[in-house]
Amino acid sequence: AKLLKADKGGGEGSFAQQRITAIEEEMARTQKNKATMSHLCALKARKAALVRLVTEQNTKKSSTGEGFEVRATGDARVGFIGFPSVGKSTLLTALTGVYSEAADYEFTTLTCVPGVMHHEGAKVQILDLPGIIEGAKDGKGRGRQVMAAARSCDLILLVLDATKPVTHKIIIEKELHGFGIRLNQEPPNIYFKRRDKGGLNYQSLKKQTRINKEMVAVILREYKIMHADVFLKCDATEDQLIDVIEGNRIYMPCLHVFNKIDKISRQEMDILADHLPHFLPISAFVNWNIQGLKDQIWSYMHLTRIYTKPKGKLPDFSEPVILRKRRISVQDFCRRIHKRLMEDFKHALVWGQSAKHNPQIVGAHHMLMDEDVLQVVKRIGGVAE
């Protein structure tokens, strides 16, 4: 039987939503033990496939809306996600100087308002997205447009009201998770490839404590996949395997920004700090800890500054080349400057933390560090320049 089929009383989307609800209820009823794990894996895979189909249908039906097609500028992009009236517009003004209408009533911001934050030589685009409501992942409000914009960001700032229940954080994380956004997670080290024949080629390269070959086969059968390579290079979960099969997940860092921190006591703030990872208290209205927020944005995005040095001249410290990656090689730098620069590359001279001595002659695979100075030596017509 097909996963999605129209019922007599409504369209495909409504029937699929009913199926999803029924699956969630069955999962809640089912006790979790060794005897039921295969059944739970099948339910999770079935639900993931239905959610994807519902998402695709709602995306086709929804209008584009104004202000959500924002051209990417700068070196990185940060998006504000939060419920209405938590101070996102005031925070945008504090970070960028761009005015975004702010008021005491909800849904003041009805479109996406962009701004640019300058920090440590980098230009970071900030998106003040409209407030979301519970059920945003299912298309309520303008949730799908907000979520689609969030997927294009390099960092999510979960803006929360410190005077409201902490459960708001859990609700928003659930909405983002339902739209395929995985916060503060690394992509699972799982190799998956469909094949035309040969059955299931399962290999466990690390000791597995949560899934086994039988559970992997059950999940694949729900996707009508009978032939595939599955190599587990980490202690994987069934959810991680489903994410890899779906193939449309986004993994990004997230900082939990608790605004209006000046309205709660020091003891309450200490409790939040002790129990919540990625916690950062601020007050956009009184401009408290805004510099600390800028520093954390820089840290979470793993931005690296590389200064260029033309031959025979002093280094240019005014405009660093910004690369967003944990480990940056000379080859990464060259490709950022121009895609054909590596064709004429001979070697490079490096000054800074990554050099054993200044300058050091290095090759394309030398790993650079923040604030290194780099001079590329090209080969033109067989002669180094």
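A disulfide is a pair of cysteine sulfur atoms within 2.5 Å. Searching the whole structure turns up zero disulfides. Among the cysteines, Cys234 is buried, at a relative accessible area of 18%, and Cys254 is buried too, at 0%. Here buried means under 20% relative accessible area, exposed over 50%, and partly exposed in between, with a 1.4 Å probe and protein chains only.

A word on the model itself: it is predicted, so local features need pLDDT of at least 70 and side-chain atom pairs count only at pLDDT 80 or more, while totals for chains, interfaces and linings use all residues. Residues are numbered from 1 along each chain as its sequence is written, and side-chain values use heavy atoms, leaving out hydrogens and water.

**The sheet and its helices**

Let us turn to an open sheet of three strands, ordered E6-E8-E7 with mixed pairing. Strands E6 (190-194) and E7 (200-204) stand at the edges with a single partner strand each, so one side of each has no neighbour in the sheet. From one strand to the next, the twist averages 5 degrees. E6 and strand E8 (residues 228-232) run antiparallel and are joined by five bridges; Phe192 has Val230 of E8 as its bridge partner. Helices (H or I, at least four residues) and strands (E, at least two) are DSSP runs, numbered from the N terminus, and two strands pair if DSSP finds at least two bridges between them.

| Helix | Strands | Angle |
|---|---|---|
| H6 (residues 213-222) | touches E6, E7 and E8 | about 140 degrees with E7 |
| H7 (residues 238-246) | lies across E6 and E8 | about 45 degrees to E6 |

Axes are lines fitted to C-alpha atoms, for helices over the stretch in contact, and angles run from 0 to 180 degrees between N-to-C directions.

**Asp229 in the strand**

Asp229 lies in strand E8 and counts as buried, at 10% relative accessibility. Its side chain makes a polar contact with the side chain of Arg195 at 3.2 Å. Such a contact is a pair of N or O atoms within 3.5 Å; within protein, one must be able to donate a hydrogen and the other to accept it, and residues adjacent in sequence count only if both atoms are side-chain atoms. Leaving aside neighbours within four places in sequence, Asp229 is in contact (heavy atoms within 4.5 Å) with Tyr191, Phe192, Lys193, Arg195 and Asn201.

**Helix H9**

In H9, the buried residues include Ile290, Leu293, Lys294, Ile297 and Trp298. His302 follows H9 and has a positive phi, near 55 degrees.
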